[in-house]
Amino acid sequence: MGKLSCKNLLPCCMGPPPATSTVGATAGVRVKVSDRYVEIKNGIFELTLSNPDGIVTGVRYNGVDNLMEILNKEDNRGYWDLVWSPLGERTGIFDVIKGTVFRIIYQDEDQAEVSFVRTWDPSLEGKAVPLNIDKRFIVLRGCSGFYTYGIYEHQEGWPGFSLGETRVAFKLRKDKFHYMALADDRQRIMPMPEDRVPPRGQQLAYPEAVLLVDPINPDLRGEVDDKYQYSCEDQYNNVHGWISFDPPIGFWQITPSDEFRTGGPLKQNLTSHVGPTMLAMFLSGHYAGDDLSPKFTNGEYWKKVHGPVFMYLNSSWDGSDPTLLWEDAKVQMMIEKESWPYCFALSEDFQKTEQRGCISGRLLVRDRYLEDADLYATAAYVGLALPGDAGSWQRECKAYQFWCRAEDDGSFCIRNIVTGDYNLYAWVPGFIGDYKLDATLTISSGQYLNLPDIYSSCSF
């Protein structure tokens with residue numbers, strides 16, 4: 001195979017991780033394929049995937065044979081899943097996505113990318129979601145973690161359906177991971193799964209909400225556990241995960257871009273919760289309902305790349321304060337964001353920097369009741385989404401969205417935009433209404449589009 005050329009081949013090694021052990025970081029990437037498993041290792045960790053399903057059955061790291069929940073069946077540890085239904089039916093069908101064909105996309109000492117594909121044909125109508133799905137996993141030399149992304153395709157003429165949710169879920173060892181962190185001010189010792197079932201737990205108004213009557217950890221008695229307590233707006237949902245105190249290990253889910261998530265920056269999504277469970281949510285109707293479930297009609301072509309997202313592993317030489325692993329995970333999150341879009345993801349459907357475009361401009365607010373002069377749209381949310389009405393980005397759930405916050409003078413710049421047609425949308429904190437630029441903007445590869453000043457009335 002030819003040698004890959006990529007300046008940022010190792011984004012997870014671009015910055016110093018002071019809390020992290022990097023023993024074996026110079027070892028090359030190795031792939032071992034057997035009838036049942038695909039094993040990928042790089043001297044730091046070892047990833048085991050079922051063959052040809054593409055389920056994460058094992059993660060060996062820092063002297064622990066498996067960080068995944070070994071008490072679970074192998075197909076209930078680390079997996080892609082979705083919820084779908086035929087058009088017109090309200091009951092969703094839960095589907096753990098299992099590949100039927102495995103192949104190595106690329107392999108050398110610096111990188112391995114593998115693929116697990118499940119294809120649809122008419123014999124599966126009513127039995128499986130009408131999508132071709134290609135799950136990819138990437139391991140890089142010197143990187144303490146792995147990447148995963150998925151390419152979903154609905155071909156012309158295929159049956160219509162509704163997609164209620166799709167995500168990646170990881171279920172970690174409950175005997176080790178007891179501390180969960182979502183933000184500087186949202187982290188804690190968590191209940192055990194057993195605490196949520198009688199007699200230790202008492203269900204409240206709905207199944208997710210449980211009163212901890214007699215938890216294993218008595219300090220948690222009287223608390224209520226509910227996975228929705230740990231939800232987060234997508235604009236802040238960049239890194240979350242779990243810490244083991246013995247040995248001191250962190251297992252983190254890092255999402256470097258919101259572009260492939262639906263509903264815009266204010267959309268709430270699940271993060272981590274009791275299990276210990278860790279989620280990378282791409283699409284869901286949580287907090288929004290059916291409006292955020294895309295409907296695909298007969299004959300509609302659709303293709304979208306979800307991810308890549310990064311599963312980061314870190315460990316501490318000094319176990320006296322394992323929460324330092326959270327600080328290191330935040331540093332890693334910034335490194336991943338600065339490396340976006342990744343140059344090493346090899347699907348042609350994932351556009352690289354040179355294939356994308358950029359747009360800039362300045363947004364001003366015209367409110368003559370408040371000020372004769374135009375006002376800077378300071379801290380405005382400015383974004384691109386599929387063409388629609390003002391505010392329609394909140395319900396848009398099929399394509400990509402790109403958002404930024406305006407500077408103090410209302411200037412904005414949105415980078416790394418996937419090519420296509422968009423409307424520009426905005427709203428300004430402190431002013432009522434949604435703004436939409438009355439023009440369709442076409443983004444082309446390598447294009448830098450500089451807009452003239454944009455004026456919006458106070459009512460938009």
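**Figure 1. Polar contacts of the Asp134 side chain in the predicted model.** The side chain of Asp134 forms a polar contact with the side chain of Arg136 at 2.9 Å. A polar contact at 2.6 Å links the Asp134 side chain to that of Ser115. Asp134 belongs to strand β9, which spans residues 132–140. With a relative accessible area of 11%, Asp134 is buried, because the limit for a buried residue is under 20%. When neighbours within four places in sequence are set aside, the residues in contact with Asp134 are Ser115, Phe116, Val117, Tyr149, Gly150 and Ile151.

**Figure 2. Division of the protein into domain 1 and domain 2.** Domain 1 covers residues 30–339, and domain 2 covers residues 353–457. A distance of 31 Å separates the C-alpha centres of domain 1 and domain 2. Contact between them involves 21 residues of domain 1 and 17 residues of domain 2. About 1400 Å² of area is buried between domain 1 and domain 2, and carbon and sulfur atoms give 54% of this area.

**Figure 3. Salt bridges and polar contacts between domain 1 and domain 2.** Two salt bridges are found across the interface of domain 1 and domain 2. In the view of Glu300 and Lys398, the side chains of these residues meet in a salt bridge with an N to O distance of 2.7 Å. Nine residue pairs, with both residues at pLDDT 80 or more, are in polar contact between domain 1 and domain 2. On the side of domain 1 that touches domain 2, the elements giving two or more residues are β23 (295–296) and β24. Of these, β24 gives the most, with three residues.

**Figure 4. The largest nonpolar core of the model.** This core holds 103 residues, among which Val59, Phe170, Phe251 and Leu424 touch the most other members. Strand β24 (residues 302–315) supplies the largest share of the core, seven residues. Because domain 1 (30–339) and domain 2 (353–457) both give residues to the core, it lies between them. In soluble globular proteins, nonpolar side chains tend to be buried together.

Technical notes:
Residues numbered from 1 in each chain as written. Predicted model: local features only at pLDDT ≥ 70, side-chain atom pairs only at ≥ 80, totals over all residues. Heavy atoms only, no water. Core = buried A, V, L, I, M, F, W, Y, C linked by side-chain atoms within 4.5 Å. Buried < 20%, exposed > 50% of the residue type's maximum accessible area, 1.4 Å probe, protein only. Helix = DSSP H or I, 4+ residues; strand = E, 2+ residues; numbered from the N terminus. Domains from an automatic or database assignment. Contact = heavy atoms within 4.5 Å. Buried area = accessible area lost by both parts, 1.4 Å probe. Salt bridge = Lys/Arg side-chain N within 4 Å of Asp/Glu carboxyl O. Polar contact = N/O pair within 3.5 Å; in protein donor to acceptor, adjacent residues only side chain to side chain.
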